[in-house]
Amino acid sequence: MKLKPVNDKIVVKPETKKDEEVTESGILLPDTVDQGKLLEGEVVAVGKGMYSASGTIIPVVVNVGETILYNKHAQTHEYGDYLIMSVNEVLSIVEE
């Protein structure tokens, strides 16, 4: 199956992470503790962009293969191991 996002949507494969973390002293921290933490993911598909009021296409600013940062509370839709989100949810592109 191949996902082909439309408009300004992108498909992201999120970096796998643990749902819970344990401190050195053995205290179990649920994933709600790190509310401000940013998540990483790899862009695997990109839509063509959105149309402006004048009818020209505004291209998406991320490319397939780039690593992005997004907020844990970003509005995303899960599809199997992937997330579908608007490019507006991307906070930054990670560059080496």
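Here is a short chat about a predicted model of a protein.

Trainee: Hi! How many helices and strands are there in the protein?

Mentor: Hello! The predicted model has 0 helices and 10 strands. Read from the N terminus, the elements run β-β-β-β-β-β-β-β-β-β.

Trainee: Nice. In what order do the 6 strands of the open sheet come?

Mentor: The order is β8-β9-β1-β4-β7-β10, and the pairing is antiparallel.

Trainee: And which strands stand at the edges, and why is one side of each left without a neighbour?

Mentor: Those are β8, residues 76–79, and β10, residues 90–94. Each has a single partner strand, so one of its sides has no neighbour in the sheet.

Trainee: By how many degrees are neighbouring strands of this sheet turned against each other on average?

Mentor: The average is 40°, with direction ignored.

Trainee: Let's zoom in on β1. How many bridges join β1 to β9?

Mentor: There are 4 bridges between β1 (residues 9–14) and β9 (residues 82–86), and the two strands run antiparallel. One of the residues to look at is V12, whose bridge partner in β9 is L83.

Trainee: What holds paired strands together in general?

Mentor: Strands of a sheet pair through backbone hydrogen bonds, in either a parallel or an antiparallel way.

Trainee: Changing topic: what percentage of the residues count as buried?

Mentor: The protein has 96 residues, and 22% of them count as buried.

Trainee: Last one. What share of the contacts with a separation of 6 or more comes from residues 24 or more positions apart?

Mentor: Such residues account for 63% of those contacts.

Methods: Residues numbered from 1 in each chain as written. Predicted model: local features only at pLDDT ≥ 70, side-chain atom pairs only at ≥ 80, totals over all residues. Heavy atoms only, no water. Buried < 20%, exposed > 50% of the residue type's maximum accessible area, 1.4 Å probe, protein only. Contact = heavy atoms within 4.5 Å. Pairing = 2+ DSSP bridges. Axes fitted to C-alpha atoms, helices over the stretch in contact; angles between N-to-C directions.
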